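Here is a short note to read alongside the model. Keep the 3D view open and follow the points in order.

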Amino acid sequence: MTTSGFKLSREASLLVVIAAIVLLVGWRAPVFLTLRSALDVANESALLAILVAGQMVVLLTRGVDLSVASNLALTGMVCALVGRSFPSLPIAVLLLLALGVGAALGAVNGLLIALCRLPAIVVTLGTMAVYRGVAFLASNGAWVSEQDIHAGIKALPRTELLGVPLLIVIAGCVVGLVAAWLRWGQAGREVRALGNNPGAAVYVGIPERTRLLQVYALSGALAGLAGVLWVGRYAIAFSDLAAGYELTVIAACVIGGVSIAGGVGSIAGAMGGVLFLGVVNAALPVIQVSPFWQQAIAGAVILLSVALNAGSRARASLPILEKS
Amino acid sequence: MSRSSPSSIEPVLELRGIAKRFGPTHALRGVDLDLVPGEALALIGENGAGKSTLVKTLTGVHAPDAGEIRLDGRALRFARAQDAQAVGIVAVHQETVVFDELSAAENIFIGRPPKKGPLRIVDWRRMEGEAQGWLEMVGAQFSARTPVRELGIAQRHQIEIARALSVNARVVILDEPTAALSKHEIEGVYRIVERLKAQGVAVLFISHKFDELFAVCDRYVVLRDGASVGSGEMRSADEQELVRLMVGRAVDNIYPPRQRTPGEVALRVTDLSHPTEFSGLSFEVRRGEVLGFYGLVGAGRTEAMLALMGLKPDATAKVELAGCPVDLRDPAQAIAAGLAYVPEDRRGQGALLDMSVGANLTLPALAGPRHAWHGKLSRGPWLSARRERGFAKGLIDRLRIKAASPVVAVGSLSGGNQQKVVIAKWLGLNPRVVILDEPTKGIDVGAKQAVYELIEEMVGQGLAVILVSSELPEAMNLGDRVIVMRRGRMVAEFAHGAPAEAIVAAASGITEANAA
Amino acid sequence: MRALGTWEAMLAALILLLYAGFGFGIDGFLSPYALADSTVNVSERLIIAMAMAMLICAGEIDLSIAATMALSSLAMGLAMQAGAPLPVMLLAGVATGAICGLLNGWLVTQRGLPSIVVTIGTLSLYRGLALVLLGDQAITGYPEALSLLGNGTLGELIGVPGLVVPIEFGIALLFAVSVAVWMHCTVHGRRIYAVGSNPVAARFSGIAADRYRLGLFVFAGIAAALAGALLTGRIGSTRPNLAAGWELDAITIALLGGVAIQGGRGSMVGVLLAAMLLGAFTFALGMLNVPGIVISTILGGLLIVAMVLPKVLPGRRPRAG
């Protein structure tokens, strides 16, 4: 397990900051400290958490997936359209469809990146535009409005499992599964190694192409899942769904200590980033700051996080001089 | 090729007629060798003789163009690097191949962690336990859970050796395993080799240092220009004979005749120091002289040279160039004052591989605003394509750089020609002092000779040359004086003609009392 | 660095093909007025694409360039509301752009942070600031002169009735040619390419890499301000989502123009041609009533094809960039 006391404190310090914000805001507005409030934050953050779980694995390999929001929109649209045409389809089938379509879209990225050896940023920039366009074409530019959304999809956000909203349960399962895969699956080490030293992967026999394909397919599948859940949550489907959201996803990862250069980062940290954004967004209306501040704050926090990350990981050169 | 008395055991690995070329370069031209279980075979050869290509062929990174590899008598073809590991052939490389964001245990078991349970999840307890065992066997003293980013060169090497052992290999290749180690750590390596032999592993041991080869190896094979030219038993081998086989001619002939007439002091450095990398370095170089800097890998020589060039802001020193004090705050100043630095890593630091030969050659001349040459290739800020072409052509001719035309990318040239480009671009500036950092690393013997001739030419024209080299013969033959550095300090200075043992002793840390 | 090669020739050929093809297909496509109109999608994007291309050649990237456009447009609007005359308004915009670029440059060079992450942060920060200051309002009521700048033709400016070349196209063209000359014909351009090709070797050769990178970020901010001013003049209002998503357009244009994403290579002439090609293409599709989002999709697909083609086509000799 790659823990050093140092790394633990990075995630811990983020938690401390979050706790501080919660306490500060709670002091001004005690309603913030209730369980209801916490569940609201978790609910709001669930979809982001699912997307972040996939993105952070991509970032670990020194890649990036800018197409997640478009994937979300396209898969959501596909599920909405299928759901509209077959209203009696069981919800489980639609969920599987979402995972499958999302994974396929992600695999396209993976093929271009791993097989054609194209830079991830360029490929996902392209697919970002293409997927949204396909969503538009699939629906002929029309929206799928609330009454046409499949009943099962609409019911998702209202369902509860043991008193916990289903969205939170799903997010928890996804995060747990990804965390387990990273820790106990062979791929977990290899994905980190790929981002840390891509050239050396060949020498130690890591199947680079397979891993990259898996990683982008995973990110795509989770984006697809988030897509059908998003459609359910907001009871609408249109091609501009979640426009720009990919930046929020990356922001949460960066804030959570995942490095854009690969090899560094943990699920716990990434979830810390999700929690941070969730708490800040929830706090703003409570302390009567206009929601227009959200984006500016997110930007400032990203800059601070990256600066702090770099500072603490500054590589000192190997000490050569022997103390005489 | 003489065969020694046949061993009574069947060889585990046989190579016959292995050949490999990369574009115009014939890296291997017909290599034959046998690896016998329980024996250590010394692979001897100069830089550029083909040793690392051979290793990569054995580990499946390169596929040979011709020839056969037989394992237990059956011919073998590796599709990927993992295939070699799967049949039990493993190599420990010179440059450590580790992932510093992972722990030592994860590095040792990368690609094949022990698993448990029906779900085949990674068994961390067993992985860390076994890794700790292997680490102890190689004499490492750190925990298997330590993230590699916290470890130094020697320790990373230990992890690599541990990884090789943990694969339960039948053939272990050790490529310059002692380059960065102290005497005590080197003995640890000897013990590992003995233990491997006792377990019936066949060891291929590559090293420049004859004393090591005589200490642990049973037989030898000599490689020259990509072909195996001699083999036999170590105990009946003669060092002179081995060198003759390596070089193919008497030692002196690879080095051009010396005609040194050192002039006045070109560079005087006093007390060059850095908080963590080196301290108290003081030396001077004269015009027309070569000053060698010898030492083990990691001794701090490159770092000191980078500081001279203004690339280490934390370094302090009193520096005088041709008698005038110079403040070396940034590289442009150093270059303007007449210093030139040819880095060790020519692909990573010396050449702009995507840019043309011409653009590479003219780059330093166009780099600094205060440099004397700046006005010659351009008028104000405007580039003059005509003058650039002339300048580049002049250098290409002078150094006989083999390139299809000046507009081909440097990345497409052979290693030796790339090195010529990297050196040539500095010569065009008529510097006072040229620092060459491992200039013959990884280039073939023919190109090496060309570099040596170039060095003689440079000193003949009155340049002062600092030669950082880890190759003792090179430093000894070319250097008018040799300074030895160890762990960041200067420990000795030898005049031309000093015995090799004394220099090596100083570099490895044997006390001064034993040095000549 | 080679300014004119096979890629640029191909782009030029495609432009001619496009105009010829659409000229036959669409009535009036080749009339002077339509030709002038066809540059509407070119001018402002060309300016930021050139700045983006320079940064990519130097091994960096600026995802905040469009957000800087919005913020500097906002500064112009605020200056106007405070009663300032046009020159002061423009100055306010340029100053804002320069400061935005300075922050990016400082974080990348002095703090050593990767530009992709820094500019994702500043992208959010700058758009966020625009949102905070403007909410869902818009600033309108810009002076005639600004509208002329964005919508007028050179003919109107100098009193020659037949000259229908738009002013902003003229400005953008001038800008692009200057950048091309800078990058291909001066020492500074050569150094920028070297920094992008191998920053370590460039530094070892004595190039002040950090100074150039800082300068390029500031320049990108100023370019964004210029493009923002022209865009504001053309559409007559400032909203927080001004030029939303244009950073991706700028990158797409640069990449289609032959700039390598890893830096060190690329022709500025290619970028100019790519901007014109894409602008004309967008215009033509618009005339055929193809929705904007589909146009974006096609551009995305084109980008991928443009990247895949060189890998798939065999036999490329190692000619330097």
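1. Start with a caution. This model is predicted.

2. Look at the make-up of chain C. Its secondary structure comes to 15 helices and 0 strands.

3. Next, overall size. The C-alpha atoms of chain C fill a box of roughly 55 × 50 × 35 Å along the principal axes. Its radius of gyration is 20 Å, which agrees with the value near 20 Å for a compact globule of 321 residues.

4. How much of chain C is buried? Buried residues make up 58% of its 321 residues. Take the contacts in chain C between residues at least 6 apart in sequence: 76% of them join residues at least 24 apart.

5. Now find α9 of chain C, residues 167–185. This helix has 19 residues and spans 27 Å from first C-alpha to last, close to the expected 27 Å.

6. Which residues of α9(C) are buried? Among them are F169(C), A172(C), A176(C), V179(C), A180(C) and M183(C). An α-helix has 3.6 residues a turn, so residues three or four places apart point the same way. The buried residues of α9(C) pack against several helices of chain C, including α3 (43–57), α12 (209–235) and α14 (268–287).

7. Turn to chains A and B. Here 30 residues of chain B are in contact with 26 residues of chain A. On the chain B side, α2 (81–86) and β8 (121–122) each supply at least two residues. The largest share, 3 residues, comes from α2(B). That side divides into 13 nonpolar, 10 polar and 7 charged residues.

Terms used:
Residues are numbered from 1 along each chain as its sequence is written. Chains are lettered from A and ligands numbered from 1 in the order in which they are written. This is a predicted model: local features need pLDDT of at least 70, side-chain atom pairs count only at pLDDT 80 or more; totals for chains, interfaces and linings use all residues. Helices (H or I, at least four residues) and strands (E, at least two) are DSSP runs, numbered from the N terminus. The expected span of a helix is 1.5 Å times one less than its number of residues. A residue is buried if 20 or more other C-beta atoms lie within 10 Å of its own, exposed if 12 or fewer, and partly exposed in between; C-beta atoms are placed from the backbone. Two residues are in contact if their C-beta atoms, placed from the backbone, lie within 7 Å. The radius of gyration is taken over C-alpha atoms; the globule rule is 2.2 Å times the number of residues to the power 0.38. Ala, Val, Leu, Ile, Met, Phe, Trp, Tyr, Cys and Pro count as nonpolar, Asp, Glu, Lys and Arg as charged, and the others, Gly among them, as polar.
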